[in-house]
Amino acid sequence: MPKASKASHNNDSPFTISTAFAPAGDQPKAIASLVDGLKKGLRHQTLHGVTGSGKTYTASQVIQQHGKPTLVIAHNKTLAAQLAQEYREFFPNNAVHYFVSYYDYYQPEAYMPHTDTYIEKEAQINAEIDRLRHASTQALLTRKDVIIVASVSCIYGLGSPEEYEKSHLKIAKGATMDRAELIRRLIHIYFDRTNADMMPGKFRALGNSMEIMPVNERVIYRIDFGIEGATPIIKSIIKIDEITRAIIGEIDAFFLFPAKHFVTPEDERERAIKDIKHELDERLEVLKAEGKLLEADRLKRRTTYDLALIKEVGYCNGIENYSRHFSGKAPGEAPDTLLSYFPHKKDEKGNLVPDFLTIIDESHVTVPQLNGMYAGDQSRKQSLVDFGFRLPSARDNRPLKFPEFLERTGQIVYTTATPGKYELEHSQNIAEQVIRPTGLLDPEVEVRPIISMAPFEGRHYKGQIFDFIDEAERTIAKGFRVIATTLTKKMAEDLSEFLKERKIKAAYIHSDIETLERIQILTELRKGTYDIIVGVNLLREGLDLPEVALIGILDADKEGFLRSESALIQTIGRAARNSEGKVILYAEHITGSMERALNETNRRRTLQIAYNKEHGITPKTIIKRIKDITEDIENEHQKTIKTLLTMDAEAFAKDPKKVIKMKEQEMQEAVKELDFETAALLRDEIKALMEGTVKAEKKAAKAKKEANKGIRGKKQDLRG
């Protein structure tokens, strides 16, 4: 690819791209086409780019030249994390943020009438992802050079941006304020007081000083109060590292945004309580008129209890079900979402319209997701309403309908290697990007039978699993990685275990694996910790794994979503970043989807070969730095534990029990001194060390067992 200056910058855009390369291949033509379309005001455009052609780089050039805040939507958290990492590398001096659902685990409230089963909502919030969400919204309200990479959670209710912005605090050196007043203000914006460890959204008072930890930063601000004349003032503001407690520096002022996105002033809360009571009375009359006395009693008890909690403490479990009353919106009106935080402008008629760019990545999957969110949510909520678990207004705590999403976004660029029906029908401009600047070709694709047969290609054939393993072992021996795709989660798990039994470093990925763990597994694949990853459909779109040289698509002839033309093209494309890329389709017959995917792959290979010949390009595997996005998401407590484990590794290897005993003594001393933060770190380090000891003992026992088996076998041989 042609070299360029370190930073390329066009017009008056607030964005600056930092890259060592200039656009090449089909990229210049695609960039010019899309930017021209944006200038003309085209509402829908598609970047039809093959895997490995640099769609994210092209999109980055479009963002830079267009110069407006940008929302990038991905269809899952793993892809969103990778995209956030890539955009941060392209825009190191701009605000690139990651916005996904903050639940590590989420079981929505539901009722199943046919079994009379009520399922209570269960949720486990990831505090670090919540911090990143706050960082996203605060950046949108304070900067113009913002790129938010989000999952489809961006269309769910978030709280009013006006109230969120209006409630922020400016804390400045020399300002007239005493400690008591600051405490009142912090509580008003949902900060919690603590006497223990500092965490985001908490504060603690220490004599005539106060420490505050914002929700969007990993630092602590210490405010010292003083008296000037007879007036209390803020004497100094010191910024402190949250772990080491080292002083970063003294500052003049900083801003604090609310610790929650849902902010309701006191007078609005009183109005909301009255509205909820009024709706309850109306709903009870309807249920009683229908003879649903049990449902009426259930609804009355639950809502009355919730109202008592809201009045006393300002919160109750499931408070989001009353969000329409707190926001003051009309029944059926769309909720505020992340889209509401993006900038808007007045059109010729004086109406506020979106003034930002939206890029929908892997749109053939993401658009249907966006389109289907509302219906699924309403189906679940309707049962809760019908059977007296929730008021009808609970239905207004919902994702946006697809038409509402379109109303709240401005110009849209869809990026995909396989445009769906929606993009093809609505796009006013389609920019094709088939040629890869790297010269890499679409991989060679072979079709082999699923079942055992002999002979096949002049050799004994053992079926898809054993044939795949043979090919995988040859690929691994060259230093490359391998992917296998299955049709079910169970098969992915079973195949992964079978590979491990054959001493192959393997792991599986599917939707039951937590977000951060999925990202870590893929990073470990690139590093070589694993040689093979087995997955279902999560390995298809947008995953950038240049080390992968072989993909085995098992049961490729089973027509359906996972083996459609689009899915096959996307899966084949995962091997297009490696010059030795190869894909094997295991099938008993060639389906229509397979035939079309093979034809499209061959068409692209032909075009790329011609381009390479014309420009004298020899394809080379992409060399890409391995960076784990979870390093940014992991909290500081976890990072500190890892550092301590590394420091103590050598001593632990020599005498594990001695190190654990020493750490236990240190933990007890920290508790005696009321240093609970250090005690917590030591507790978790001890836990990790003990887990390591147990694993080592199990491994040693297994090795001893295997050795004993060998000795018994030799004795038997001697006796024979």
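**First stop: a pair of charges**

Select Glu217 and Lys239: these two form a salt bridge, with the closest N and O atoms 3.9 Å apart. (A salt bridge here is a side-chain nitrogen of Lys or Arg within 4 Å of a carboxyl oxygen of Asp or Glu.) The pair ties together distant parts of the chain, 22 residues apart: Glu217 sits in the loop between strand 14 (209–213) and strand 15 (219–228), and Lys239 is in strand 16 (residues 231–241). Helices (H or I, at least four residues) and strands (E, at least two) are DSSP runs, numbered from the N terminus.

Are these two buried or exposed? Glu217 counts as partly exposed at 22% relative accessibility, and Lys239 counts as partly exposed at 22%. The scale: buried is under 20% relative accessible area, exposed is over 50%, and partly exposed is in between (1.4 Å probe, protein chains only).

A word on ground rules before moving on. This is a predicted model, where local features need pLDDT of at least 70 and side-chain atom pairs count only at pLDDT 80 or more, while totals for chains, interfaces and linings use all residues. Residues are numbered from 1 along each chain as its sequence is written, and side-chain values use heavy atoms, with hydrogens and water left out.

How many salt bridges are there by this rule? The count comes to 43.

**Second stop: two helices**

Go to helix 13 (residues 464–477) and pick Glu471 and Arg474. They form a salt bridge, the closest N and O atoms being 3.2 Å apart. The two are 3 residues apart in helix 13, so about one helical turn separates them. Glu471 is buried at 9% relative accessibility, whereas Arg474 is partly exposed at 49%.

Now jump to helix 17 (residues 592–615) and show Glu600 and Arg603. Their side chains meet in a salt bridge (3.0 Å, N to O). These residues also sit 3 apart, which means about one helical turn between them. Glu600 is buried, with 17% relative accessible area, and Arg603 is partly exposed at 33%.

Switch to cartoon view and find the open sheet of 6 strands, in the order 24-31-30-27-29-28, with parallel pairing. (Two strands pair if DSSP finds at least two bridges between them.) Strand 24 (444–448) and strand 28 (506–509) are the edges, each pairing on one side only. On average, neighbouring strands here are turned by 20° against each other, direction ignored.

Zoom in on strand 27 (residues 481–485) and strand 30 (residues 548–553), which pair in the parallel sense over 5 bridges. Arg481 stands opposite Val548 in strand 30.

What packs on the sheet? Helix 16 (residues 565–573) does, touching strand 24, strand 27, strand 30 and strand 31 (582–586), and its direction makes about 150° with that of strand 30. Helix 17 packs on the sheet too, touching strand 24 and strand 31, with its direction at about 155° to that of strand 24. Contact means heavy atoms within 4.5 Å; axes are lines fitted to C-alpha atoms, for helices over the stretch in contact, and angles run from 0 to 180 degrees between N-to-C directions.

**Last stop: cysteines**

Finish with Cys154, buried at 0% relative accessible area, and Cys316, buried at 2%. The structure holds 0 disulfides, a disulfide being a pair of cysteine sulfur atoms within 2.5 Å.
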